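This report describes one protein chain for a reader who is new to structures. Please keep the sequence and the model in view while reading.

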Amino acid sequence: MRMNSSPLKAFALAVVVVAAAGFSAPHASKIAFTGAQEPRLLAGTPPARLLGYTSAPSAYLRQPVYASTLVGPGLAAMNPVDVSSDSQYYFILDAGQYRVVAVNRTTGNIDCQLGGKQGAGPGQFGDARALDYDAATNQLYVADTPNNRVEVFAFTDAACAASSKSAFTYISQFGSKGTGNEQFSQVYGVGVDAVHGWVYAVDGAGRVEKSDLAGNYISHFNAGGTLSQPRQLTVAPNGDVLLINARVHQCVVFDSAGTVLFTFGSQGTGDGQFSNDPRGIGVSADGTLVFVTDSGGKRVEVFSLQASGGDYTGAVFAYTIASGTGSNQFVGPRGLVTTSDNHLLISDEWGFGLHELSFTSTAATPTRNLFGAGPPLPGVNAPRGIQIASSGQIYIVDYWNQRIEYMNPDGSGAQSFGFRGNPSQKGAINFAWGAAIQPGTGNIFVANRESDQVEVFSATGTTIAIFGVNGTASGDFHLPQGIAFGPDGTLYVDDSGNNRIERFTMSTDDLTATWDATYGKKGIGVTAPPGTFNNPTGIAVGPDGTVWVADTRNGRIQSRAPSGQWTALSTPIGTGGQLAFKAPWGVSVAPDGSIWVSDTGNHRIVSVDTAGNLIFRATEAAMGIPPVRGNSVIYPFALAFSGTTVYLSDIWSDRVIVLTTS
């Protein structure tokens with residue numbers, strides 16, 4: 001059902017009249033009108049600046065309704081990041097589809113699976129990064145990285161062979177967000193110690209925690225504070241722990257008490273070196289070899305382990321498993337596992353499959369490759385930013401598929417550009433969140449989140465420029481997410497990891513970005529002073545230069561007037577009880593100047609005027625959006641406008657929806 005737009009239309013026209021008369025925002029906020037609440041100021045904040053509408057207001061003062069789905073799911077065969085095994089199955093952690101699959105080691109087929117829906121409930125995963133299987137208890141441990149926990153499942157071979165849903169059974173979980181015992185700042189690795197009956201979990205903050213098999217905390221260690229971005233680990237047959245110390249480009253070996261025995265590896269491209277952060281690690285069943293994925297070098301480095309008195313004393317380079325050609329090519333090698341019959345299975349996240357090899361102490365030989373099919377076109381996996389070019393083409397940030405996808409307004413003619421690669425590599429897109437189309441040139445500016453950079457592309461995907469480095473200085477980035485152009489051509493970037501907004505001027509050829517200003521610093525909570533942020537995500541600029549920011553973790557929308565005043569809005573202003581924003585990920589300025597919010601945590605779209613007065617709020621049911629399997633609600637991220645058509649990215653439903661306001 002559509003809302004009655006007459007009172008709101010009257011309000012919009014009144015604003016235009018007052019603005020034309022030259023009144024300031026405080027005067028405009030006192031206008032009386034019938035059928036809607038009078039604009040009022042937010043407590044403790046300066047008045048919002050009201051804008052005159054730039055097009056017929058009636059189209060955008062009505063709640064939109066569902067018209068069609070522009071593009072639906074486009075998933076690769078898998079995005080495997082870690083592997084484990086028992087005698088019958090390989091267990092594959094497929095981060096791209098938020099699931100664990102059991103691959104029959106004989107047939108190479110998936111017999112059963114666990115999960116498949118992003119979430120934080122029992123049996124659900126976020127972007128999980130590691131797993132390990134305990135053959136003694138038939139239990140699987142999954143490091144659910146963003147949810148700061150380890151989930152524990154029972155597994156039955158026979159049930160899986162029968163494709164039964166009961167093959168995996170949720171048992172328990174342990175861990176939470178924090179710095180105390182059995183708490184994590186993202187848990188990146190997990191390993192079972194079959195010798196002692198322990199579980200080790202890697203805290204991304206720089207330590208390793210030890211628990212019993214039920215998840216009861218025992219102790220922790222952190223290598224004297226020298227761990228920098230520790231990632232996966234493995235427990236050798238003798239009980240020693242081998243851990244990837246990624247940012248130091250080395251492996252650290254501990255005894256079972258947490259004492260450092262030695263380290264091996266260094267940065268480089270030579271034998272026994274890692275050209276970028278190493279990722280996966282595994283020890284042969286006889287304890288004599290250790291395998292480490294050099295992800296940046298697209299290879300696996302193999303070392304011989306030396307031991308004395310029960311513990312390891314050193315590791316000596318043995319040989320390199322180089323990337324092959326065709327289906328044997330390594331694209332994004334991640335986790336790996338060895339088996340008792342001397343097979344090595346390597347997960348290739350961006351090759352979308354698995355490489356199986358047999359090995360000896362001196363060499364490894366490919367035996368087969370499994371899966372490997374990339375995402376189809378059209379199709380999206382967790383889509384984020386949306387932009388509409390002057391030509392009418394729709395550009396979508398296809399997050400999990402590491403690409404920008406573009407197509408005609410009816411979804412035909414889909415094409416894409418981008419691939420998973422290294423920072424500063426032309427064409428590399430690394431979990432980008434937002435994009436902006438530069439007025440006039442049509443160039444595509446991508447907030448390349450995990451590269452800590454902005455990359456500039458032509459409309460068809462040719463790299464023009466890349467700028468930014470990881471850091472906190474002016475012009476640096478840490479996990480940039482939102483990006484938008486102002487009416488004067490200046491570029492605004494949500495420097496989300498640094499909790500600030502960066503402003504740049506681009507050269508006429510777009511080859512050079514000049515830093516102009518920084519706005520904001522970290523502020524926590526809904527009552528934090530306006531102009532402070534906690535992980536800002538969406539950003540948009542109004543026709544008068546007002547900057548609108550989705551202050552996501554603070555649960556509010558902020559605006560910066562051209563005068564420099566910041567205003568914070570946490571709850572739409574309206575009659576009756578209004579629901580506060582919850583993790584809003586997106587904010588957009590409609591052609592009429594109204595502000596549309598992707599209120600993700602509340603599964604709705606909210607529209608307000610520039611003073612914060614509610615125009616409408618709409619859930620999927622109110623807009624007539626059909627549910628998808630497993631999701632009865634929407635997870636809005638970004639909104640884009642073309643005439644009376646509105647495009648909405650629905651992240652966890654893997655689709656872009658077409659709405660209409662006509």
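## Terms and source

A residue is called buried when its relative accessible area is under 20%, exposed when it is over 50%, and partly exposed in between, with a 1.4 Å probe and protein chains only. Cys160 has a relative accessibility of 0%, so Cys160 counts as buried.

The model is predicted: local features need pLDDT of at least 70, side-chain atom pairs count only at pLDDT 80 or more, and totals for chains, interfaces and linings use all residues. Residues are numbered from 1 along each chain as its sequence is written, and side-chain values use heavy atoms, leaving out hydrogens and water.

## Overall form

The chain contains four helices and 50 strands. These elements are DSSP runs numbered from the N terminus, where a helix (H or I) has at least four residues and a strand (E) at least two. The chain has a radius of gyration of 26 Å, close to the 26 Å that the globule rule gives for 662 residues, so the chain is as compact as a globular protein of that length. The radius is taken over C-alpha atoms, and the rule is 2.2 Å times the number of residues to the power 0.38. The C-alpha trace spans about 90 × 50 × 50 Å along its principal axes.

Of the 662 residues, 58% count as buried. A contact means heavy atoms within 4.5 Å. Among contacts in the chain with a separation of 6 or more, 48% come from residues 24 or more positions apart.

## Surface and charge

The chain exposes about 23700 Å², and carbon and sulfur atoms supply 50% of this area. Accessible areas come from the Shrake-Rupley method with a 1.4 Å probe; for residues, only the protein chains shown count as cover.

There are 39 positive and 50 negative side chains in the chain, and the centres of the two sets are 9 Å apart. Lys and Arg count as positive and Asp and Glu as negative, while His and the chain ends are not counted. Each charge is placed at NZ of Lys, CZ of Arg, CG of Asp or CD of Glu.

## The disulfide

A disulfide is a covalent bond between the sulfur atoms of two cysteines. Here a disulfide is counted when a pair of cysteine sulfur atoms lies within 2.5 Å. How many disulfides does this rule give? The count is one. The bond joins Cys112 and Cys160, with their sulfur atoms 2.1 Å apart. This pair links distant parts of the chain, 48 residues apart: Cys112 is in strand E5 (residues 110-115) and Cys160 is in helix H3 (residues 157-161).

The torsion about the S-S bond of Cys112 and Cys160 is about -100 degrees, so the disulfide is left-handed. Cys112 has 8% relative accessibility and therefore counts as buried. Another cysteine, Cys251, has 0% relative accessibility and so is buried.

Ile346 belongs to strand E23 (residues 343-348). Its relative accessible area is 0%, so Ile346 is buried. Ile346 and Val83 are 263 residues apart in sequence, yet their C-alpha atoms are 7.5 Å apart in space.

Ala568 lies in strand E43 (residues 566-569). With 12% relative accessibility, Ala568 counts as buried. From Ala568 to Gly531 there are 37 residues in sequence and 8.0 Å in space, C-alpha to C-alpha.

## Residues in loops

Where is Gln329 found? Gln329 is in the loop between strand E21 (311-322) and E22. Gln329 has 41% relative accessibility, so Gln329 counts as partly exposed. Not counting residues up to four places away in sequence, Gln329 touches Ser323, Gly324, Asp348 and His355. Asn342 sits in the loop between strand E22 (333-338) and E23. Asn342 is not a glycine, but its phi is positive, at about 60 degrees.

Asn499 is placed in the loop between strand E35 (491-495) and strand E36 (500-506). Phi of Asn499 is also positive, near 55 degrees, in a residue other than glycine. The peptide bond from Leu377 to Pro378 is cis, with omega near -10 degrees. Pro378 lies in the loop between strand E25 (364-371) and strand E26 (383-388).
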